[in-house]
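Please look over the structure below.

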Amino acid sequence: MPLLGSKNYDYLNKPVPRVDALDKVLGRAQYAADLKFPQMLYGGMLRSGLSHAKVAKIDVAKAKAMDGVFEVLTYGDLKKAKSWANYMYITDTVRYVGDVVAIVAAETPEIVQDALKAIQVEYQELPGVYTIEEALAKDAPLVHEGAPDNIFKESHFPVRKGDVEKGFAQCEVIIEREYHTQYIEHAYIEPEACVAVPDPIDGTMTVFSSSQNPYFTRRYVADILQCGMHKVRIVQQTLGGSFGGKEEGVGLIAGRAAILAQKTGRPVKIALTREESILESSKRHPFRLKYKIGATREGKIMALEAELVDNSGAYNNQTQFMNFRAAVHTAGVYEIPNVKVDVVGVFTNNIHSGAMRGYSSPQIIFAQEQLIEELAEELGMNPIEFRKLNALKTGSLTATSQELVEPVILEEMIDTLVQKTEYSKKREAYKNQSGPKKRGIGIATCFRGCGFGAESVDASGATVTALEDGTVIINSGLVENGQGLKTAYSQIAAEVLGVPVERIHFIGVDTHSIADCGMTVASRGTVMGSQAMKKAAGELKEILKKTAAEMLNTHVDKVDIKDGVYFEVPNPKNKVFFSDVCNKQLWSGRQMSVFAWYEPKNLNYDHHTGQGNAFPTYSFGCVVAEVEVDTETGYVDVLNVAAGHDVGTAVNPALIKGQIYGGIAMGMGFAITEEVEVNKGKVGTLNLDTYIIPTSMDMPQMSTLIFECDDKEGTYGAKSLGEPATEAVGAAIANAIYNATGRRIRQLPADLEKVLLGKSLRGGGK
Amino acid sequence: MLKFDYLRPGSVKEACRLLAQHKEKAKVIAGGTDLMVQLRDEDKKLKDIAYVIDINHLKELKYIKKDGDYLRIGALTTHDEIYKSELINEAVPFLAQAVNTVGSPQIRHRGTIGGSICNASPAADPVPPLVALDAQLKLVSAKGEREVSLLSIFEKPYVTNLAPDELLVEVYFKGLPENTKTSFIKLGRRKALAIARMNIAAAITLDSEGKVVEARIAPGSVLPKPDRVRTAEELLLGKAPDQKLLEEAGRKVSEEMIKRSGIRWSTEYKKPVIEALTQRVINQALGVE
Amino acid sequence: MEKIKVNMKVNSKPVTVEVKPYARLLDVLREELGLTGTKEGCGIGECGACTVIIDGENVNSCLVLAASMEGKEITTIEGMAKDGRLHPLQDAFIRHNALQCGFCTPGLLMSAKAFLDKNQNPTREDIKVGISGNLCRCTGYEQVVDAIEEVANKND
């Protein structure tokens, strides 16, 4: 049931304009790099440019002596140079090209650059490892002494369901395939920035930053300063996109700015150039995905075995969390009785991988959704029928043996998409084309565990405060990244309170103002993060209702509210304004504000076997892409993309569409043009001229199909969308390219050379 | 960002005087779309620059005019102005096509034809049509004026042999014969803001029987220096283009590429693709799809 | 190095500034004039976040020397709303959800304005060309094009 409006809400399910839109169209929204403080200095970093080396000697005397230079720090100057996660603020052991060996604070950005050039460093270069194969080779050089064989032990996650050997014995057709994905850059348009402002009187360090997760940033700052967290205050500025990228990287620059600010006693700003941003921010993990899958002649998949290895780069980069999600989703949207999955990361002397929109799903779906078609073809079956035959349904057991008790509408979604796009007809027609330009159509399905699930604690807090004039201030530790969280939370508070959205103001995160509510990641903001908002607003509603009942001279059970007016249920003419109730509330000395905490239910998941309930619920998606491949040049033109997503409840359809369109663009880039080229650890694509994201002219015709269902888990039944919006696009395009050319793309991106020759020629034909 | 002093001559003459004075220490800025990037990146070839001489405001170098059989374009004419010029669209439509594939609207509003030539990027989109047109350049200096062919100035990628005190003021070329059809193709990795992986310009003149009387074929990012591919052009002469002939012409272009550049890591891709693009650009010029 | 005195008009107001010879227009707008609505995303003219309008044309202010702005008329995002009223494009961007993180929005609005000022009846494809020098990572451009198209159609 593609919606809309089938659900009965006052403020949800409606395309309410973004609450932060006005500031943004006027250019007055303040991003971190826009800030200026009296006496402010500028900070900068000297990066090694080498992939693996020891600093033999570093001489900063010349830099220190320069006019306008206030501080120069090297590894030895810090009490603690290694962050709480194992990144280095400043290091004497270079593990990748972006590693920092010295930092500078000076009066102007120009002087910073001059000072950095004046620092003399002698390195002792070391042999490095760069690919998964090199990292795992016998006697390979080690990236970290604590990680033997370069294996990131904590990132190993298995899934063991049934018995794959017995399963394969029942199969008539078994195929084995290997797929590879590339490094992907978030490419948010705003490079990272922060300003650290010391308070000389009480010793508090306030950092205004482009943090996706200000509480995460706070850990770094308290860590580098070796002070209590109560002396660190992080104020999130308007964030110019993040997609998972402004986590560790911003923690590092915030830490460096803070130590420079502490040493100099002056505010210090660090704003990264695009090149630095690409060097130091995390990347989407490249994966090597080996699959073995088998089915009976009738097309029932009986067993799946997979070994996934991801390239983590030089530092501890969330691989140990992400690979849990990877393991849970490796078998795709299919009910398979026997599953054996192992996912593990390896360290290399490359840029580090970390969180990026999807958190392993784009890579897995790219492989999995081609694998399923390769098996269908081997069986001589129609890929749609084959999918539906094996698809997860309500009541199915997933690979982790979780029973899907909430409604699963995947089949309905597939049918709708197939019909709307004329998939079957086109697919047949495209098998026989003449001429150099060949069209193809491809489909991919996906599912995604909503929120953190068994990965982490999906708790959150929120405050809702009524003011005497009937306006409301809300706050949460979750943040606006651009996705529209402020708007969604305002809508949710409005829905609960019965007050128009315009009267609600979301503060934005200041870590001194509210408790750590966990990270705004995992597409959990609306689904799980807003549970506390709903709860707090609900409690405040009940409290205010008592005052309203008094004013209406009726029993509290008979009071309801709509559009900011309380009324008596049987007698709606007996009414009182929300503002009057708030006013009375204040002057009666009654409670005006509620802080509520939401604790998620225990999921019961066993990480040693990968069995149990991995997530409270799952959202589903289905994407159809149509391409035209120029078989003489390898150019892939994406013509049409139709994306269907089951969002449970569409809190704001306009914002949902925005997420889907943006997700398609990012998925397209992943599929055909984007790759952070790394050659022995050196990054070849350091700016947006060579790292190629789609422009307006590259975008296909897009259509969105928003599905709703009745799911009990998320806030108002909402399910995750931010990451689902991009995760299946690459796979659909890869399947479309196959339909057009008859050649499988098993290594991304499907760029000119890959499509024409079947191999990469980038970076000198590696 | 490199540091330099800013000089703003009021005329071409004054610009020449400044160039004569500062020579290698000075660099001329026109639209700045390439130079500003190089200055920011502290490009090694600019390390001795102490002065930037801004000529962008010199309106006298902004024109497109017909002069008998010739078309003359002032060096400071922007890509956007060329794209919108009726004169250009009528006489040499492939040049309009080519300049409109440069960068983005913002770049086309600032970037100039003279700047594009002097930057000497092998992937420059305006260059192949100009090469096909046998364009000539007018250079001035305090010592006087000289004219050279466009082809003669390219030394290697991003390097020309213009003297440090010389200023490019005009590019001009003879209009094409009647019955000439032109086209330009750019192959990039995306549709805007793209660096040409390869590009190619073609101008084909047919007689009344449909036979080729003149052919000009100029690829970009294919040869070590921009040039026409005479072997491919000569092959077409006197013949009516058909598929087989065009395939052969394509092979002539790839042969020329390998002859001049040798086999490189990219040859495996470029060879078949430049062959296909050659056929395609001629077909497009002739209106065959 | 000597500073250069430059007289220009910024958002309809005459402004005289002394700039470093190598200062970019972008830096002067942001640092000297406090017009931080113009953003820096790449520094090499690729992303378009620094787009401003100079004498009616949208350009990347990171590729322009401030010293060269003598006599020029510059419009930045701060000059788009007039007399407390939003420009129709700003209003359309809000209603069409044409922005998410908002970092590319000022540049996109500048390009859209310069484009519509010169193009009366653009097609959807023309609009896409008009904003092709402005990278956006959030929106996939669809609702941006919707917003511009609506304003273009009203211009008829």
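Predicted model: local features only at pLDDT ≥ 70, side-chain atom pairs only at ≥ 80, totals over all residues.

## Where chain C meets chain B

The interface brings 32 residues of chain C into contact with 28 residues of chain B. Together the two chains bury about 2400 Å². Carbon and sulfur atoms account for 61% of that area. On the chain C side, C:Y22, C:L63 and C:L65 lose the most area to chain B. These residues together make up 25% of what that side buries.

## Polar links and composition

One salt bridge is counted between chain C and chain B. B:R190 and C:E46 form a salt bridge through their side chains, at 3.1 Å from N to O.

The largest share, four residues, comes from β4(C). By class, this side of chain C has 15 nonpolar, 12 polar and five charged residues.

## Strand β19 of chain A

Strand β19(A) spans residues 460-466. Six of its seven residues are buried, so the strand is largely enclosed by the rest of the structure.

β19(A) runs antiparallel to β25(A), residues 593-598, and six bridges join them. Here A:T463 has A:F595 as its bridge partner. β19(A) also pairs with β20(A), residues 472-476, in the antiparallel sense over five bridges. A:T465 is partnered by A:I473 in β20(A). The hairpin of β19(A) and β20(A) has five residues between the strands. In this hairpin, A:G470 takes a positive phi near 85 degrees.

How values were computed
Residues numbered from 1 in each chain as written. Chains lettered and ligands numbered in written order. Heavy atoms only, no water. Contact = heavy atoms within 4.5 Å. Buried area = accessible area lost by both parts, 1.4 Å probe. Salt bridge = Lys/Arg side-chain N within 4 Å of Asp/Glu carboxyl O. Helix = DSSP H or I, 4+ residues; strand = E, 2+ residues; numbered from the N terminus. Nonpolar A, V, L, I, M, F, W, Y, C, P; charged D, E, K, R; others polar. Buried < 20%, exposed > 50% of the residue type's maximum accessible area, 1.4 Å probe, protein only. Pairing = 2+ DSSP bridges.
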